[in-house]
Structure formats: C-alpha cells, structure tokens
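Colleague: I'm new to reading models like this one. Could we look at it together, one question at a time?

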Amino acid sequence: VGPGIRGGGLTVRILLLGVPFYVFINAMGSTIDAASVKAHNARNMTISLACFLLLVATAVAGAPRHYLSEGIACAWSATLAIFAFLTSRSAGLLLGLRIPWPAALPGLYCAVALGVAGFLLRFFRHFQAGLPECLGAIALLSAAYVSLLHASGASWLRECRLMLFCDGQPS
C-alpha cells in the first residue's frame with residue numbers, strides 16, 4: 001500500500017459514515033421492490049446517482065487538489081444518506097413504515113455523545129494509542145452506551161435482553 005496510506009485515514013472515516021445508510025438501503029431495497037410493480041427503488045437510485053454526479057462535480061471544481069479524495073468521499077457518503085432517505089420515504093408510502101423518532105432519538109443522542117467522547121479521548125492522547133488502550137476505550141464506551149440505552153428505556157434493548165435470557169419470546 002505504501003507510506004502514503006497514512007494520509008488516507010480521513011477518507012476512510014468519511015466513507016465509513018455512509019455504512020449505516022448502506023445497510024438500511026440493502027435491508028429495505030428488496031422489500032420495496034417486492035411491494036410494488038412500480039420501480040420505486042430504481043427511481044431512488046437514479047435520483048441518487050444524479051446527486052452523486054453533482055456532488056462529485058462540485059468537489060472536483062471546488063476542493064483543493066490535496067482534499068479531492070475527501071471531497072469525493074463526502075459526496076459518496078452524502079449520496080448514501082440521500083438514497084437512504086428516499087428509500088425510507090418509499091417504504092413509508094408503500095408499506096406504512098415510519099421511523100419512531102421519539103423512541104430513536106435517545107439512542108442517537110447517546111451514540112453522538114459517546115462518539116464525541118471517543119474522539120476527545122483520542123485527541124487528548126494525540127491520536128497515539130496502543131491496541132490495549134483502544135480495546136479498553138471501545139469496551140468502556142460500548143458499556144456506557146448500553147447502560148445509557150437501558151436507562152433511557154429503549155424498548156428494542158429490553159426485547160433483545162428478553163429474547164437472549166428468558167424464554168426467547170419478546171413481550
């Protein structure tokens with residue numbers, strides 16, 4: 001890979017921001033295709049492709065050359081977010097599915113707060129940490145996340161716990 005890979009860490013992190021959107025798109029795409037004869041998913045993909053081309057053109061035209069890969073990575077992650085939004089909208093129209101935002105927000109707030117805590121931990125360690133420190137931080141932040149979700153009364157966490165440790169049937 002070479003010594004130039006060290007500078008690509010930011011690009012990889014930006015690309016990783018799109019992973020949850022990608023997972024959602026893949027989880028819902030086949031369901032949307034099966035729910036309607038009309039090509040909703042193809043329409044969403046075409047709109048997303050147009051957005052991607054526009055965002056890449058903007059990055060190429062406006063970003064300094066040394067930030068071009070980061071600009072294209074931002075375009076890709078933003079496109080996945082747009083595609084996921086369109087997929088969510090199609091699922092809502094076709095299947096009546098809605099994201100229960102009041103129930104989801106506490107978990108999202110906790111994830112953002114702990115993500116900031118993880119970043120600050122790395123920042124104050126000058127981005128130099130060994131494997132034991134990283135694994136310890138991940139374990140602590142994960143335990144804090146599950147604890148905060150439990151304290152907020154997240155219903156899906158309660159259902160998972162019941163399925164794992166009880167008779168296997170959610171309430």
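Colleague: Which hand does the crossing of α2 and α4 have?

Modeller: Keep in mind that this is a predicted model. The axes of helix α2 (residues 19-35) and helix α4 (residues 68-95) come within 9 Å and cross at roughly 35 degrees. The hand of this crossing of α2 and α4 is left-handed.

Colleague: How many nonpolar, polar and charged residues are in the contact of α2 with α4?

Modeller: On the α2 side, the contact includes Phe21, Phe24, Ile25 and Thr31. From α4, the residues include Leu80, Phe83, Ser88 and Ser90. The contact of α2 with α4 divides into five polar, no charged and 14 nonpolar.

Colleague: Is serine 90 buried or exposed?

Modeller: Serine 90 is found in helix α4, and it is one of the residues that make the contact with α2. The cut-off for buried is under 20% relative accessible area. Serine 90 has a relative accessible area of 1%, so it counts as buried.

Colleague: Which side chain does a polar contact of 3.4 Å join to that of serine 90?

Modeller: Leaving aside neighbours within four places in sequence, serine 90 is in contact with Ile32, His40, Arg43, Asn44 and Leu95. A polar contact needs a pair of N or O atoms within 3.5 Å. At 3.4 Å, the side chain in polar contact with that of serine 90 belongs to arginine 43.

Colleague: How many disulfides are there?

Modeller: A disulfide is a covalent bond between the sulfur atoms of two cysteines. To be counted here, the two sulfur atoms must be within 2.5 Å. For cysteine 51, the nearest cysteine sulfur is that of cysteine 74, 15 Å away. The count of disulfides is zero.

Colleague: Are cysteine 51 and cysteine 74 buried, exposed or partly exposed?

Modeller: Buried means under 20% relative accessible area and exposed means over 50%, with partly exposed in between. Cysteine 51 has 23% relative accessibility, so it falls in that middle class. Cysteine 74, at 41% relative accessibility, also counts as partly exposed.

Colleague: How far apart in space are cysteine 51 and tryptophan 76?

Modeller: Cysteine 51 is found in helix α3 (residues 40-62). Not counting residues up to four places away in sequence, cysteine 51 touches Thr79 and Ile82. Cysteine 51 and tryptophan 76 are 25 residues apart in sequence, while in space their C-alpha to C-alpha distance is 9.5 Å.

Key:
Residues numbered from 1 in each chain as written. Predicted model: local features only at pLDDT ≥ 70, side-chain atom pairs only at ≥ 80, totals over all residues. Heavy atoms only, no water. Axes fitted to C-alpha atoms, helices over the stretch in contact; angles between N-to-C directions. Helix = DSSP H or I, 4+ residues; strand = E, 2+ residues; numbered from the N terminus. Left-handed = near helix turned anticlockwise from the far one by under 90°. Contact = heavy atoms within 4.5 Å. Nonpolar A, V, L, I, M, F, W, Y, C, P; charged D, E, K, R; others polar. Buried < 20%, exposed > 50% of the residue type's maximum accessible area, 1.4 Å probe, protein only. Polar contact = N/O pair within 3.5 Å; in protein donor to acceptor, adjacent residues only side chain to side chain.
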